Structure formats: structure tokens, C-alpha cells
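Trainee: I'd like to learn how to read a protein model one step at a time. Can we go through one together?

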Amino acid sequence: MDKFKRPFRKSKRSFRRRLPPIESGDRIDYRNMSLISQFISEQGKILSRRVNRLTLKQQRLITIAIKQARILSSLPFLNNEKQFERAESLPRTTGPRARNKWTRHPN
């Protein structure tokens with residue numbers, strides 16, 4: 001029985017190498033909004049280097065460019081208008097801050 005078993009082999013997967021998202025001709029700059037917007041999530045967060053498939057140097061330059069664009073109001077800091085509207089419309093009824101701070105409570 002044992003001589004019919006195959007020796008352990010690692011299965012070879014076909015691996016297609018993905019192209020880098022930034023070509024050598026692209027300038028990483030706060031004015032290049034089409035490039036910068038690729039590396040921001042829907043919520044407005046900067047995506048991680050692993051998700052972006054960038055080198056360390058490219059990720060640093062992208063982060064600096066995004067922060068500069070945010071400061072110059074080219075990009076929003078947050079992109080969650082729907083959550084903000086919902087939070088405004090519903091009054092908060094639970095938690096320690098819901099109480100009136102001017103009422104006295106015996107300790």
C-alpha cells in the first residue's frame with residue numbers, strides 16, 4: 001500500500017505578477033489628483049502599502065502628497081457625509097453624556 005503513495009510535492013500555482021500602479025513617468029505630487037485618488041479609500045483613509053502594492057519610498061511620497069492636498073483643501077479629510085447626517089438627526093439617549101450636566105446627582 002505504501003509504495004503507491006506519491007511523494008509530497010508542493011503544488012505549483014501559476015503566479016501572474018501584477019503591474020505596479022505607479023509608472024516611472026508619473027509624478028507623485030499633490031496636484032496630480034487622478035493619481036492620488038487611487039490610493040484613498042471611500043471613507044477618505046490612506047490605503048496601506050500592501051493594498052497599494054507600492055514601494056516604501058512611493059508610499060511615503062503618496063502619503064505626503066495626500067496630506068498636502070488635504071491641507072490645501074483639494075481633498076477632504078473625511079468622506080462620510082451620510083454618517084454625519086444620520087448622527088445629527090438621531091439624538092443620543094444613552095451613555096454618560098446624555099445626562100444634563102447641570103443636574104446634581106448625589107454620590
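This is a predicted model: local features need pLDDT of at least 70, side-chain atom pairs count only at pLDDT 80 or more; totals for chains, interfaces and linings use all residues.

Trainee: Which residues make up the largest nonpolar core?

Mentor: There are 12 residues in this core. They are I22, I28, L35, I36, F39, I40, L54, I62, A65, I66, A69 and L75.

Trainee: Which element gives the largest share of this core?

Mentor: Two elements, helix 1 and helix 3, each give two or more residues to the core. The largest share is four residues, and the element it comes from is helix 3.

Trainee: What percentage of the residues in the protein chain is buried?

Mentor: The protein chain has 107 residues. Its accessible surface comes to about 10800 Å², with 53% of that belonging to carbon and sulfur atoms. As for the buried residues, their part of the chain is 19%.

Trainee: Back to helix 3. How far apart are its end C-alpha atoms?

Mentor: Helix 3 covers residues 56-71, which is 16 residues. At 1.5 Å a residue, helix 3 should span 22 Å. The distance between its end C-alpha atoms agrees with that: 23 Å.

Trainee: Why do the buried residues of helix 3 count as being on the same side?

Mentor: The buried ones are Q58, Q59, I62, T63, A65, I66, A69 and R70. They sit on the same side of helix 3 because the arc they cover around the axis is only 165°. As a general rule, an α-helix has 3.6 residues a turn, so residues three or four places apart point the same way. For helix 3, then, the value to remember is the arc of 165°.

Trainee: Which residues are exposed on the other side of helix 3, and what do the buried ones pack against?

Mentor: On the other side, the exposed residues are K57, R60 and I71. The buried residues of helix 3 pack against helix 1 (33-36) and helix 2 (49-52).

Trainee: Is Q58 buried or exposed?

Mentor: Q58 is found in helix 3. Leaving out residues up to four places away in sequence, Q58 touches I22 and I28. Its relative accessibility is 19%, and the cut-off is under 20%, so Q58 counts as buried.

Trainee: Which residues does F39 touch?

Mentor: F39 is one of the residues in the largest nonpolar core. Not counting residues up to four places away in sequence, F39 touches P21, I22, K45, I46, L47, N52, L54, I62 and I66.

Trainee: Which residue forms a salt bridge with R31?

Mentor: The structure holds one salt bridge. The closest N and O atoms are 2.7 Å apart, and the partner of R31 is D29.

Trainee: Last one! How far apart in space are R18 and R53?

Mentor: R18 lies in the segment before helix 1, and R18 is exposed, with a relative accessible area of 57%. In sequence, R18 and R53 are 35 residues apart. In space, C-alpha to C-alpha, the distance is 8.8 Å.

Technical notes
Residues are numbered from 1 along each chain as its sequence is written. Side-chain values use heavy atoms; hydrogens and water are left out. Buried means under 20% relative accessible area, exposed over 50%, partly exposed in between (1.4 Å probe, protein chains only). Accessible areas come from the Shrake-Rupley method with a 1.4 Å probe; for residues, only the protein chains shown count as cover. The expected span of a helix is 1.5 Å times one less than its number of residues. The arc is that of the directions from the helix axis to the C-beta atoms. Contact means heavy atoms within 4.5 Å. A nonpolar core is a set of buried Ala, Val, Leu, Ile, Met, Phe, Trp, Tyr and Cys residues joined through side-chain atoms within 4.5 Å. A salt bridge is a side-chain nitrogen of Lys or Arg within 4 Å of a carboxyl oxygen of Asp or Glu.
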